[in-house]
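Here is a friendly briefing to read alongside the structure. Have the viewer open, and follow the topics in turn.

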Amino acid sequence: MAEGEGSSSRRWALGDPDVVETVAHEIIDLDANDDPDGVMIICERASSHKSNHSVSHPSDWPKHPKSGLAEDVPGPSHQPGTSTVLPWGCTTPGRPRKHKEIKTVDNKIDEKYKAFKQFDTVTDHSDHYYSMSGKGNVPEVKKPSKDWVRRIQHEWKVLEKDLPGTIFVRVYEDRMELLRAVIVGPAGTPYHDGLFFFDVYFPSQYPKKPPLVNYRSGGLRLNPNLYDSGKVCLSLLNTWSGHGCEKWNPSNSTMLQVLVSIQALVLNAKPYFNEPGYAASANTPQGEKMSMAYNESTFLLSCRTMLYSLRNPPKHFEDFARVHFCKYGRNILVGCKAYMNGAQVGCLAGNGVQDVDEGDKSCSANFKGSLKTLFDELIKEFTRIGVHCHEFQPQRVNPGSTRAKADTTLRL
């Protein structure tokens, strides 16, 4: 079913329900192997030997397709000196465009981004975690009670009406117990401009029991609350300790509350302090130093997640991933460049505007080296989907130039 057919396809589910018959962490283990990945790993216990796990190429990442995302889209033949506009509003790489042309294309990207519905109903759930055999291991809700149907209908209406602008949701017309959401990483955090996908399952006992939530991690752990296995550690989901309103309440807790909590409380500016053992060190010199180091590691993993999301977008979010990175690709590269020049990770507050803490210190050498490699990968991938990255690439000098040395300065 096409994305635009959501309103008609979910009439049965939003109508009369009578139609339905039918874990504590204590130790930070620094990655001590010889590869200069600059990654800090939070784990449940410190290992007595060096970790052999590499975050560079997770074993469960699918191989990069032979053809690029932009190359898969048919279009007119590319002529020298021109830029071909792709269906979602980006352009294929060409010579630098005039300011008016750039503004026109940017407006088209904005239009495509705004046209993607925040909430819609779809059909194909074949890649959903709780639908795939051997993954979530949960039963299909085939004969739900009327109360269950009413509650799910209510959840859908709340989401459709009240979702914040940086969360997008898809539900399934023939599997009401399934839901998929993407959360855009908040500005001012090491997750800024990234896409974070979650698959949700509503058990037949819902809302007496909270929903099950799986994070699409790509094999990476970039937050104390988001495991590389996909587990989401959150009091609201009863997967972590909590008191009072922090726990799931069948009477007033909602799926919207879960999504907003993940965005605000998990994907925050200083995720290091999400670890209970380190919360007490907040606002101390040592704690802040460790937090900055953790943010460096987190941003590297966030960049890898961006590449993973672009190369392997979940069903029903393929176009959204492309349009999102067309729209925010430059901001991401501006952030990378600023961090390599010493700015604090997470100090960018949209459009490259820096919000640097007083007493800012330069990022570590290992981080800068690892980020440079990812920076080049992002440029390559963004160029594939039509983002113009000329300003971030080294300037080329003609062979006949009389200049003694090529100017390879990256300019913002």
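The axes of helix 7 and helix 8 cross at roughly 160° and come within 10 Å of each other. With an angle over 145 degrees counting as roughly antiparallel, helix 7 is therefore roughly antiparallel to helix 8. Please keep in mind that this is a predicted model. The protein has 412 residues, 49% of which count as buried, and its secondary structure comes to eight helices and seven strands.

**Helix 7 against helix 8**

- The crossing of helix 7 past helix 8 is left-handed.
- On the helix 7 side, the contact is made by Phe325, Gly329, Ile332, Leu333, Cys336, Lys337, Tyr339 and Met340.
- Helix 8 answers with Phe367, Lys368, Leu371, Lys372, Phe375, Leu378, Ile379 and Phe382.

**Helix 6 and its two partners**

- Helix 6 (residues 285–311) packs against helix 8 (residues 365–384) at an angle of about 20°, and their axes are 10 Å apart.
- Because angles under 35 degrees count as roughly parallel, helix 6 is roughly parallel to helix 8.
- Helix 6 passes helix 8 in a left-handed crossing.
- Residues of helix 6 that meet helix 8 include Glu296, Phe299, Leu300, Cys303 and Arg304, while those on helix 8 include Phe367, Ser370, Leu371, Leu374 and Glu377.
- Helix 6 also meets helix 7 (residues 318–340): their axes come within 12 Å and cross at roughly 155°.
- Helix 6 and helix 7 are therefore roughly antiparallel to each other, and helix 6 passes helix 7 in a left-handed crossing.
- This contact involves Phe299, Cys303, Met306, Ser309 and Leu310 of helix 6, together with Ala321, Arg322, Phe325, Ile332, Cys336 and Tyr339 of helix 7.

**Nonpolar cores and surface**

- The largest nonpolar core holds 46 residues. Leu159, Val169, Leu179, Phe198, Val232, Met255 and Leu259 have the most contacts inside it.
- At least two residues of this core come from each of strand 3 (119–122), helix 4 (146–162), strand 4 (167–172), strand 5 (175–184), strand 6 (195–201), strand 7 (212–215) and helix 5 (255–266).
- Another core, of 43 residues, lies apart from it; among its members are Leu195, Leu333, Ala338 and Leu374.
- Leucine 179 is in contact with His128, Leu159, Val169, Arg170, Val171, Tyr172, Phe198, Asp199, Val200, Phe202 and Met255, leaving aside neighbours within four places in sequence.
- The protein exposes about 20,300 Å², and carbon and sulfur atoms supply 51% of that area.

- Proline 190 sits in the loop between strand 5 and strand 6. Its relative accessible area is 0%, so proline 190 is buried.
- Not counting residues up to four places away in sequence, proline 190 touches Asn268, Ala269, Pro271, Asn295, Thr298, Phe299, Ser302, Val345 and Gly346.
- Proline 190 and lysine 270 are 80 residues apart along the chain, yet 8.2 Å separates their C-alpha atoms.
- Arginine 221 is found in the loop between strand 7 and helix 5. Arginine 221 counts as buried because its relative accessibility is 18%, and the cut-off is under 20%.

**Backbone features to look at**

- Most residues other than glycine have a negative phi, and most peptide bonds are trans.
- Aspartate 193 has a positive phi, near 70°. This residue lies in the loop between strand 5 and strand 6 and is buried, with a relative accessible area of 14%.
- Asparagine 283 also has a positive phi, near 70°. Its place is in the loop between helix 5 and helix 6, and asparagine 283 is exposed, at a relative accessible area of 71%.
- The peptide bond from tyrosine 206 to proline 207 is cis, with omega near 5°. Proline 207 belongs to the loop between strand 6 and strand 7.

Conventions
Residues numbered from 1 in each chain as written. Predicted model: local features only at pLDDT ≥ 70, side-chain atom pairs only at ≥ 80, totals over all residues. Heavy atoms only, no water. Helix = DSSP H or I, 4+ residues; strand = E, 2+ residues; numbered from the N terminus. Buried < 20%, exposed > 50% of the residue type's maximum accessible area, 1.4 Å probe, protein only. Areas by Shrake-Rupley, 256 points an atom, 1.4 Å probe, with all protein chains shown as cover. Core = buried A, V, L, I, M, F, W, Y, C linked by side-chain atoms within 4.5 Å. Contact = heavy atoms within 4.5 Å. Axes fitted to C-alpha atoms, helices over the stretch in contact; angles between N-to-C directions. Parallel < 35°, antiparallel > 145°, perpendicular 65-115°, else oblique. Left-handed = near helix turned anticlockwise from the far one by under 90°.
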